[in-house]
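Morning, everyone. Let me put the sequence and the model on the screen, and then we can go through it.

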Amino acid sequence: MNKNQEEDILGDNHIATSAVTPLRADAFQMSETEKIAEIETHVRAILHTLGMDLTDDSLKGTPKRVAKMFVKEIFGGLLPERKPSMSTFENSYHYGEMLVEKNIVVYSTCEHHLLPIVGRAHVGYISNGKVLGLSKMNRIVEYYAKRPQVQERLTMQIVQEMQRALGTEDVACIIDAKHLCVNSRGIEDIDSSTVTAEFGGKFKDPEVRKEFLEYIKLDTRFH
């Protein structure tokens, strides 16, 4: 089996190689402006190679739009300065039960084909003395989602970040998402979704895990 065949198999099976996003040592040496200019050049070359007429009014701005989108939006989670502050508060009211933030929207990008991953994340923790602002959980999900990703890694990164912030292992995350690299190409299965889970600390206990799953099932929609 040659190298290209191995890479194709790795990508089609959506295999993650590490729980840490693979970045080069010089990943942050270029400024945002420099990265946008560099990516714009490459996008223009790709479209030109595909035979597109880049003098057309509809296309002439596409290379820059794509470059800005990559750097400032869908891959903005690669930049350390975009990481949300993880300030916590003392659990002064001594709330000792599980806290769950469910149905957090996930917009990410598959690192194998650079196609969208769209779904929902459900995150929970049990306080050991610290609590986290509710919106911070949404921001953690958003930060790690906005980079080339593998869903298993994303799930682990969310849990690990919350564990560091809260000083407890008692954190859990479940993500249910559709991968357009499965839904729109390859097997073209538009109905399937992928579910991943990471359970830390007390959430490894079957009864605690069951309670977490029951919270997720609650119908909390506004009618």
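First, terms: helices (H or I, at least four residues) and strands (E, at least two) are DSSP runs, numbered from the N terminus. This is a predicted model: local features need pLDDT of at least 70, side-chain atom pairs count only at pLDDT 80 or more, and totals for chains, interfaces and linings use all residues. Residues are numbered from 1 along each chain as its sequence is written, and side-chain values use heavy atoms, with hydrogens and water left out.

Now the cysteines. C181 sits in helix 6, residues 180–183. C110 belongs to strand 2, residues 98–110. Are they buried or exposed? Buried means under 20% relative accessible area, exposed over 50%, partly exposed in between (1.4 Å probe, protein chains only). C110 has 2%, so it is buried. C181 is buried too, at 2%. C173 is buried at 0%.

How many disulfides does a search of the whole structure find? It finds 0. A disulfide here is a pair of cysteine sulfur atoms within 2.5 Å. The closest cysteine sulfur to that of C110 is in C181, 3.7 Å away, which is too far for a bond.

Next, the record. UniProt, in an unreviewed entry, lists C110, H113 and C181 under "binding site". They span 72 residues in sequence, yet no two of their C-alpha atoms are more than 7.5 Å apart, so they gather at one spot. A caution: UniProt positions follow the numbering used here, feature names are shortened, and annotations may be inferred rather than shown by experiment.

Last, M52. M52 is in the loop between helix 2 (32–49) and helix 3 (62–74). Its relative accessibility is 39%, so M52 counts as partly exposed.
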